[in-house]
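Hello,

Here is the structure for you to look over. My notes follow it.

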Amino acid sequence: MSDRPEGHVKFDNVGLRYGTDPEVLSNLSFTLYPGSFYFLTGASGAGKTSLLKMLYLAQRPSRGAIRMFGQDLVTMPQTRLPELRRRLGVVFQNFRLVPYLTAFDNVALPLRLAGTEEKKVVKAVGDMLDWVGLAHRAHAVPPTLSGGEQQRVAIARAVIARPKMLIADEPTGNVDPEMALKLLRLFEALNNRVGTTVVVATHDVHLLKKVPDSLIMRLNKGQLSDPTGALRYPPRPSAPGTGGS
Amino acid sequence: MSTLPPLSAETDNEAEDTLAPVRPRGRAAARLLPPTRLTGPIPWVIAILIALVVIAAAGGLALRNLASSANAGLSRAVSVQIVEPNPDLRSARGAAAVKVLTGIEGVQAVRLVPEADLNAMLEPWLGEGVASGDVPIPALIDVELTRSAGPDEIARIEALLGAQVPGARVDAQGDWLRPVQDALAALQYLAFGLIALVALATAAAVWLSARNAFAAARETVEIMHLLGASQRQIAAVFLRDVVREAAFGAVFGGLAGAGAVWLLGQQFAALDSGMVGGGGLMLADWLVIACIPLAGVLLAMATARITIALALRDML
């Protein structure tokens, strides 16, 4: 146990309820390790988005404890949360692009929020848009982009600042199978080359087979199951960044 | 798309491991949202409110000047009346009173008001017959003291004078103006009360403006929030617009109010009345008035910052 690395995220007996309704998530206890690639699966209404909201710090748990990057979220002052959020990259289910801003400015947002020098922002965003094949659409605003283009802008925005953890909620839901595969390869590249921990929520079981080293967390009626042993340590011998071979 | 581009803006791992506070940069924050144009009634509402504050403040300052001018002129002035129906005796006692008063310590100047001057002053009320001597008019002596004519001073002069000049009555001239001064003070309080009320109305207008702007951009704010924007950064974006609107309203309202005050001043100056003349605005007063638009902008900034902070508090 002593050689076990500290996870990026640790949930300890976490429960979530909205108002006085019954818990939508119950007794979640798991650890996400650096450099791993996780799929979060489950039927619609299983609680995937609620769990992701807690992961990307949009929702507090009703009970239990969460540690993220060594910080206790329960005791952490609210004013320090932005610093933690800047270590995350999030691809929202409905993209959540700023409609007034161009594709370029949307992708530039995380860097500008972090106070990056504008000259570096211009170069980095140009490279990133080129990478996702949208250099020619840099000055288009989201309402004029197709669903797939918006999705790629959202992904570019999520990875531009090289997050320690990438969280994607149904990132392939609005694109054709070919584009879905390209996006997955992009996540894999981020995972393999930069060591970013990736968490992808999807209800598309075909996607799971496309990333061979991925680990699967399954949600069913608010309870988490562990079909591939993803929540145990070591989660998988070949998992990148976990010390496996 | 398979090769992740090297990012010139990429942060190194050591830097990432430190949760150092990031300082929002003004220019970067300003690029987060597109600038909005001056639309809607808020700048005009602020302009009207600032103009009202300027006029109320100018009124309050003018009244204060008027009160202090009147007070300065009369605080050391004393009137001595010799009430005696016999003209010869009255004249003799008047001369005696002047002599006694001139020798009293603390008396700077003594002037027996000529009978002709008294008659001229009273003629509008008593008619032309006042000069005939049918109506006995007291002799009047203006006395200026070296210090304020307080009750003790009046009593002392009355005692010294009464021993040699029977029928002499000593009054502090300021006493005659006391009701006027009380009224002026009440008007000053009213002006400052109006300023406070209009300042509250300005804050309310800005609060509504900031809240509406925030509600309209809530989706964008949430996105920025989830991408790691700090409260200061989000507030800076909104403050930029609020400050621009408030500055426009403050400058416009300040100029309009100052113009109205200047015109009113010209009108009152044309009256050429001694008392009203004391109610003019000094350079320091104009400086105070010039600070009102600036105070309005600061008030708008503080109100907007508090409004946005309260709205963001509800977000995790």
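In the largest nonpolar core, of 123 residues, the members that touch the most others are V107(A), I167(A) and V54(B). A nonpolar core is a set of buried Ala, Val, Leu, Ile, Met, Phe, Trp, Tyr and Cys residues joined through C-beta atoms within 7 Å. Buried means 20 or more other C-beta atoms within 10 Å of a residue's own, with C-beta atoms placed from the backbone. Helix 3 (residues 42–74) of chain B gives the most to this core, 20 residues. Helices are DSSP runs (H or I, at least four residues), strands likewise (E, at least two), numbered from the N terminus.

This is a predicted model: local features need pLDDT of at least 70, side-chain atom pairs count only at pLDDT 80 or more, and totals for chains, interfaces and linings use all residues. Residues are numbered from 1 along each chain as its sequence is written, while chains are lettered from A and ligands numbered from 1 in the order in which they are written.

Back to I167(A). Leaving aside neighbours within four places in sequence, I167(A) contacts L52(A), L55(A), Y56(A), L88(A), V90(A) and V199(A). Contact means C-beta atoms, placed from the backbone, within 7 Å.

Most residues other than glycine have a negative phi. R96(A) has a positive phi, near 50°. It sits in the loop between strand 6 (88–91) and helix 3 of chain A. R96(A) is buried, with 21 other C-beta atoms within 10 Å. E170(A) also has a positive phi, about 45°. Its loop joins strand 7 (165–169) and helix 6 (177–194) of chain A. E170(A) is buried, with 20 other C-beta atoms within 10 Å.

Best wishes

Conventions: A residue is buried if 20 or more other C-beta atoms lie within 10 Å of its own, exposed if 12 or fewer, and partly exposed in between; C-beta atoms are placed from the backbone. Two residues are in contact if their C-beta atoms, placed from the backbone, lie within 7 Å.
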